[in-house]
Amino acid sequence: MASGDFQRAALEHLDALYNFAMYLTRNPPEADDLVQETYLRAFRFSHRFQPGTHLRAWLFQILRNTFLTFYRLRERESALAEDGVPTWDVPMFHDAPEESSSAVEAHTDLERALRRLPEEFRTVLLLAEVEGMALEDVARVLACPVGTVKSRIFRAKERLRGLLRDYAKE
Amino acid sequence: MTPPPYESDESLGARLRAELPRHTAPTHVRAAVAAAAAPARRSTPWLSPVLAAAATALVLGLVFMPMLPRFVHPTEQLVRSVVAEHTRTLMWGSRHSQVIPAALPWLTQESGIGLRQVFAGDDALVFVGAEPVYLDERRGMALYYRDGDGHLLTYVVLPFPGMAILDRWRVPIERGQSRYRPALLRDEGFSTWVWRQGDLACFLVSDMVSAEDAERFKDYFVRVRRATDPVLAQ
């Protein structure tokens, strides 16, 4: 795939990636950074993309890996910050705490319940149910077998049902 | 919206698709991503392979360079042997330490080197002992001294006609009317004065490597050099 074609094809998934980023970060500035970082990486490593495979799944995989990388980094940094390490000049996602003023509020029980799911469960539901990805593509994004994806979807829905039941009782 | 108590997988999936708000990328993100894409269109396809090849060559060079045979100057090679002898003496002492001048005939016979004059120590350096040595296939002689701070000095004489001393190694030393230009070589944390006397190569080794030790080490060189006159034994 030529470079220009690759970029045009990649840009078609911008909204889907941004939506996914919003549900992962729950924070518009962080989602902005995450999506931009994802595209920078995708363009930089476009030669690694194998034509014929799903570009959409590849981009989602980059986004999720980037999120996990920086998320873990942020967790380490926050632990270090207690020891006096300055909090300025920190990488992406470090500026805003998890529930900052810019965090998007959950308007429905479904959103609230989804937020409370562990990242693995939230991601699998977003990809398989919201984005409508094939299980094989979801497995590629998560770098796990299809069987694991099925299992996670089942468990995620169980957990989601439980949370929705709890909210209904409130 | 209140969920039914036993919502099926299908209906839960449908709710997720229908009820979750969809976020679209803001204009500034769209513009930033598009701008990031623009330079890539002007990318040079040959650059990555060239850079990769250059990086590979650099890494291979760094990996294999230590394995390549390195030219060692014969004088440096000899200095290494002398330093090794000095280190051995530091750790285990001399093997056949003898006191000059009682042992001089025996020492000359064993080393092939005679001493017309020898530095037997003074207020700064105490003579410790002497013994024949065999370094780099050369028979020679080693004399040992110790200064007031406990530094061991090893003076070694070996036959080496025409030993080359590079000009860049030389250090000028002036003491009164006397002027010397011995070479100073450093190896394994030791300093070694190297000079020629006829067909003999002379070495004075110590662990005096710091800047403040340098002047003292010069002084020790002058003391030994002035008072020692080795020759090849007949």
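## Surroundings of A:Glu120

Beyond its neighbours within four places in sequence, A:Glu120 is in contact (heavy atoms within 4.5 Å) with A:Arg64 and A:Arg152. This is a predicted model, in which local features need pLDDT of at least 70 and side-chain atom pairs count only at pLDDT 80 or more, whereas totals for chains, interfaces and linings use all residues. Residues are numbered from 1 along each chain as its sequence is written, chains are lettered from A in the order in which they are written, and side-chain values use heavy atoms, with hydrogens and water left out.

A:Glu120 lies in helix α6 of chain A, helices being DSSP runs of H or I with at least four residues, numbered from the N terminus. With a relative accessible area of 34%, A:Glu120 is partly exposed, a class between buried (under 20%) and exposed (over 50%), for a 1.4 Å probe and protein chains only. The C-alpha atom of A:Glu120 is separated by 8.6 Å from that of A:Ala156, 36 residues apart along the chain.

## Interface between chains A and B

Contacts link 31 residues of chain A with 30 residues of chain B. The area buried between the two chains (accessible area, 1.4 Å probe, lost on being put together and summed over both) is about 2,900 Å², of which carbon and sulfur atoms give 63%.

Between chain A and chain B the count is 4 salt bridges, each a side-chain nitrogen of Lys or Arg within 4 Å of a carboxyl oxygen of Asp or Glu. A:Glu129 forms a salt bridge with B:Arg17, where the closest N and O atoms are 3.0 Å apart.

Note on methods
Helix = DSSP H or I, 4+ residues; strand = E, 2+ residues; numbered from the N terminus.
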